[in-house]
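Please look over the sequence and structure below before reading the notes that follow. The briefing takes up the contact between the chains, then each chain in turn.

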Amino acid sequence: MKSEGEAKIAIEKYADTVRRICFIHLKSQSDVEDVFQEVFLKFLLYPQPFQNEAHEKAWLIRVAINQCKDILKSFFRRNVVLTEDLNYGANNIQEDSRVVLNAVLSLPEKYRDVVYLYYYEGYQAKEIAKILNRGENTIYTWLSRAKSKLRASLGGELFD
Amino acid sequence: MTRKLKSAFDAIHAGSGLKSKTLDALKEKINNPQPQNKKLFLARYAFIPIFIAVFLISTQLYYFVNTPDSYINLDVNPSIELTLNQFNYVIGAKAYNASGSNIINNLPLRHKEYSKAVQILIDEMIKQNILGQDGLVSVTVQNNNNSKEILDTLKIAVSASLKPYSHVSAEFFPVSEEIQNTAHESNISPARYIAITELQEVDPTATFESCANHSISQIRQLTKEHMGRHFDSGNVAPAPNSGGMGHGHGHNRMGHE
């Protein structure tokens with residue numbers, strides 16, 4: 001088990017990354033808090049040392065995505081419609097960015113992950129395939145489809 | 001596009017409240033891990049007693065459902081034995097001869113209530129025209145506790161099935177476990193065993209093998225004939241169906257007028 005200090009460093013370092021993953025999957029504040037606690041608790045309890053920082057980050061991203069999916073799969077989540085602010089965590093954002101984020105959120109869930117990991121985190125398709133446990137060709141297909149959909153929803157000017 | 005997406009995602013941050021809340025929760029876990037561990041332990045192992053209880057109940061139920069408790073034997077020739085569980089449902093059907101096999105094959109007897117199963121058997125015998133002129137259906141019950149109750153129910157069920165067949169009669173009697181076991185060893189039904197041993201008392205040359213193809217009514221008829229000869233020659237022999245052979249059985253014959 002890692003120490004409190006290590007947990008604090010990890011939160012400072014990766015909180016924004018985990019928050020962005022939560023943003024593209026979750027809509028409620030309590031779900032985000034749950035995912036945060038679960039992800040960093042798993043980090044705390046992870047017994048093996050990470051090979052390097054990239055390995056540590058990829059591990060946290062994978063855990064965060066899985067945790068979000070688990071929450072969305074839960075019985076309660078499937079049967080209860082939340083009325084919370086859908087833009088939780090995305091306040092005070094410029095109009096252009098809001099339009100882009102809304103376009104990303106309108107994509108199917110699997111495309112959102114690849115868009116975020118490819119365009120924002122800068123991962124290659126091969127690395128994304130490893131994180132999402134999918135084939136590399138699948139990732140290329142998803143990226144291509146996501147791009148087409150974003151182009152269709154954002155129009156030429158914003159997309160360029 | 002990449003720039004716009006980067007700039008859009010850059011606008012999303014984890015608030016300080018979220019970070020401190022997470023850190024507090026982790027501190028709680030680090031400093032006070034027991035309740036969580038206890039919870040995890042309970043969650044992980046709570047199913048064990050439930051599993052054991054379900055296993056024990058299932059085993060008990062399986063035992064009660066599948067353990068033989070009573071035997072009903074029907075003998076006309078065919079000779080058939082039904083095995084009942086504690087709930088008086090049929091858990092097995094056995095034929096003691098080929099004609100018995102012809103009857104029970106493809107009949108839905110398992111898991112039927114015994115009186116229903118016996119009615120099915122008699123209906124099949126009627127269908128196959130086995131209950132001939134002066135036919136006799138011998139029904140024996142071996143049960144250590146409630147033979148009488150089973151016999152009484154069977155009398156009602158059998159008489160209902162045989163009502164249109166006035167030429168057929170039925171006899172009912174309980175048999176002891178000892179007779180049941182001895183009959184099993186000779187691979188014949190208790191009713192047949194009793195009928196043949198009665199015949200052997202007046203005709204010592206009679207054997208189980210020689211009577212294998214006789215119906216119960218034929219064996220009784222042979223006993224009567226031999227008794228007549230004994231009387232003619234001045235010997236005294238026990239009356240058929242008297243139960244006087246030391247086996248502790250008593251017959252209860254029922255005609256269908």
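How many residues of chain B are in contact with chain A? In this predicted model, 22 residues of chain B are in contact with 29 residues of chain A, where two residues are in contact if their C-beta atoms, placed from the backbone, lie within 7 Å.

Because this is a predicted model, local features need pLDDT of at least 70 and side-chain atom pairs count only at pLDDT 80 or more, while totals for chains, interfaces and linings use all residues. Residues are numbered from 1 along each chain as its sequence is written, and chains are lettered from A and ligands numbered from 1 in the order in which they are written.

**Where the chains meet**

- On the side of chain B that touches chain A, the elements that give two or more residues are helix 1 and helix 2 (16–31) of chain B; helices (H or I, at least four residues) and strands (E, at least two) are DSSP runs, numbered from the N terminus.
- Helix 2 of chain B gives the most to this side, with ten residues.
- By class, the side of chain B that touches chain A has twelve nonpolar, four polar and six charged residues, where Ala, Val, Leu, Ile, Met, Phe, Trp, Tyr, Cys and Pro count as nonpolar, Asp, Glu, Lys and Arg as charged, and the others, Gly among them, as polar.

**Helix 6 of chain A against helix 1 of chain B**

- Helix 6 (residues 109–120) of chain A packs with helix 1 (residues 2–10) of chain B at an angle of about 105°, and their axes are 9 Å apart; axes are lines fitted to C-alpha atoms, for helices over the stretch in contact, and angles run from 0 to 180 degrees between N-to-C directions.
- That angle makes helix 6 of chain A roughly perpendicular to helix 1 of chain B, since angles under 35 degrees count as roughly parallel, over 145 as roughly antiparallel, 65 to 115 as roughly perpendicular and the rest as oblique.
- From helix 6 of chain A the contact involves A:Val115, A:Tyr116, A:Tyr119 and A:Tyr120, and from helix 1 of chain B it involves B:Thr2, B:Leu5, B:Lys6 and B:Phe9.
- This contact of helix 6 of chain A with helix 1 of chain B has six nonpolar, one polar and one charged residues.
- Within helix 1 of chain B, the residues B:Leu5, B:Ala8 and B:Phe9 are buried; a residue is buried if 20 or more other C-beta atoms lie within 10 Å of its own, exposed if 12 or fewer, and partly exposed in between, with C-beta atoms placed from the backbone.
- Helix 1 (4–25), helix 5 (95–105) and helix 6 of chain A are included in what covers the buried residues of helix 1 of chain B.

**Chain A**

- Chain A has eight helices and zero strands, and buried residues make up 34% of its 160 residues.
- Among contacts in chain A between residues at least 6 apart in sequence, 70% join residues at least 24 apart.
- The axes of helix 6 and helix 7 (residues 125–132) of chain A come within 10 Å and cross at roughly 135°, which makes helix 6 of chain A oblique to helix 7 of chain A.
- At the meeting of these helices, A:Asp113, A:Val114, A:Leu117 and A:Tyr118 in helix 6 of chain A touch A:Ile128, A:Ile131 and A:Leu132 in helix 7 of chain A, and the residues of this contact divide into six nonpolar, no polar and one charged.
- A:Ala7, found in helix 1 of chain A, is buried, with 21 other C-beta atoms within 10 Å.
- Leaving aside neighbours within four places in sequence, A:Ala7 is in contact with A:Lys2, A:Phe40, A:Leu44, B:Leu23 and B:Leu26.
- The C-alpha atoms of A:Ala7 and A:Phe43 are separated by 7.8 Å, although these residues are 36 residues apart along the chain.

**Chain B**

- Chain B has ten helices and six strands, and 33% of its 257 residues count as buried.
- B:His111, in the loop between helix 5 (98–104) and helix 6 (114–127) of chain B, has a positive phi of about 65° although it is not a glycine.
- With 11 C-beta neighbours inside 10 Å, B:His111 counts as exposed.
- B:Asn187, in the loop between helix 8 (177–185) and helix 9 (190–202) of chain B, has a positive phi of about 55° although it is not a glycine.
- With 13 C-beta neighbours inside 10 Å, B:Asn187 counts as partly exposed.
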